[in-house]
Amino acid sequence: GVVIRDVQMFYKQQHELELNKVCVWVDPLDGTNGFCSGNLDEITVLIGLSYEGKARLGIIGVPYYRDEHHNLVYCPKIIYGDASNMVYELAQNGNISQLPQPSTTKEIRLIGSKHRSQKLDETLAQISPCVVSIGGCGAKFIRLLGSEFNSIVNLSNKSSRWDTCAGHAIISALGGVVCTLQGTEISYEESSCPTNEQGFVCLMNRELLPQVLAVTCNFEIEG
């Protein structure tokens, strides 16, 4: 109910919306491979709303996490953010907290895909020596909301708009940036190709974008 009220506030805060310019991108079970393999901390539920092709509102449902002992814990929460530049966490007990602005550290701590190859590993190593592989787009975005990592580089065309729209809106609300490997904007128009054919980059600190694009802009995606 709290999330629905916030979505209604989002509409009230904007100018009158033209429904033909609104598109909702939904992934009811992101991280399917993690679900099948028992890595339930990689699964999320993603709802992203775009207006005029831009990711404007994101909701990510997170059912599981791993504690400090790496034990899987069921403790659902919802992360949501919108164009008002605020991001909130709704906990299982109903408590709501506003997430803090991310660190502006210049050290790139990178999340990559579980789909690996020598070419991918060598490219990511040019960006950062600190790289971890995490399955599921939603889980990657969620990890950026902590202090351990600040970047995602997806060097494949395996993700889709429904994988990235929600996270894109949330990261943008926190002042970050999401774009293709070439630095172009990702369109979420209804008529746009649903596949992120040019991969994507996500950075909590926009100032790091030129450094990352210097490596990714000429990368040729396999397959």
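Is Glu 207 buried or exposed? Select Glu 207 and check: its relative accessible area is 57%, so Glu 207 is exposed, the cut-off being over 50%. Keep in mind throughout that this is a predicted model.

**Stop 1**

Now select Glu 18, Lys 21 and Glu 52. Salt bridges with shared partners join these three into one network.

**Stop 2: the loop between helix 2 and strand 2**

Go to Glu 42 and show Lys 114 with it. A salt bridge joins their side chains at 2.6 Å, N to O. Glu 42 belongs to the loop between helix 2 and strand 2, while Lys 114 belongs to the loop between strand 7 (110–112) and helix 3 (118–127), so the pair ties together parts that are 72 residues apart in sequence. Compare the cover on each side. Glu 42 is buried, with a relative accessible area of 9%. Lys 114 counts as partly exposed, at 43% relative accessibility.

Next, pick Asp 41 and Arg 66. Here too the side chains meet in a salt bridge, with 3.3 Å from N to O. Asp 41 is in the loop between helix 2 (32–37) and strand 2, and Arg 66 is in strand 3 (residues 54–66), 25 residues apart. Arg 66 counts as partly exposed at 25% relative accessibility. Asp 41 is likewise partly exposed, at 25%.

Why look for such contacts? Side chains of opposite charge can pair when their charged atoms come close. A search of the whole structure finds 10 salt bridges.

**Stop 3: a nonpolar patch**

Switch to a surface view. Select Val 24, Val 26, Val 45 and Ile 47. They form a nonpolar patch on the surface, with about 290 Å² of accessible area together. Strand 1 (22–30) and strand 2 (44–51) each supply at least two residues of this patch. Ile 47 lies in strand 2. Its relative accessibility is 34%, so Ile 47 counts as partly exposed.

**Stop 4: paired strands**

Return to a cartoon view. Select strand 4 (residues 72–82) and strand 5 (residues 86–90). They pair in the antiparallel sense over 5 bridges. Find Ile 78: it stands opposite Leu 90 in strand 5.

Strand 5 and strand 6 run antiparallel, joined by 3 bridges. Tyr 88 has Gln 98, in strand 6, as its bridge partner. Then look between the strands of this hairpin, where there are 5 residues. Gly 94 takes a positive phi near 95° in this hairpin.

**Stop 5: helix 5**

Finish with residues 161–173. This is helix 5, with 13 residues. It reaches 18 Å from its first C-alpha to its last, close to the 18 Å expected at 1.5 Å a residue.

How many of its residues are buried? Helix 5 is mostly covered, with 11 of its 13 residues buried. Among them are Arg 161, Asp 163, Cys 165, His 168 and Ile 171. Step past the helix to Gly 175, which follows helix 5 and has a positive phi near 90°.

Terms used:
Residues are numbered from 1 along each chain as its sequence is written. This is a predicted model: local features need pLDDT of at least 70, side-chain atom pairs count only at pLDDT 80 or more; totals for chains, interfaces and linings use all residues. Side-chain values use heavy atoms; hydrogens and water are left out. Patches are made of residues with over 30% relative accessible area and no salt bridge: like charges are joined within 9 Å, nonpolar side chains (Val, Leu, Ile, Met, Phe, Trp, Tyr) within 5 Å. Accessible areas come from the Shrake-Rupley method with a 1.4 Å probe; for residues, only the protein chains shown count as cover. A salt bridge is a side-chain nitrogen of Lys or Arg within 4 Å of a carboxyl oxygen of Asp or Glu. Helices (H or I, at least four residues) and strands (E, at least two) are DSSP runs, numbered from the N terminus. Buried means under 20% relative accessible area, exposed over 50%, partly exposed in between (1.4 Å probe, protein chains only). The expected span of a helix is 1.5 Å times one less than its number of residues. Two strands pair if DSSP finds at least two bridges between them.
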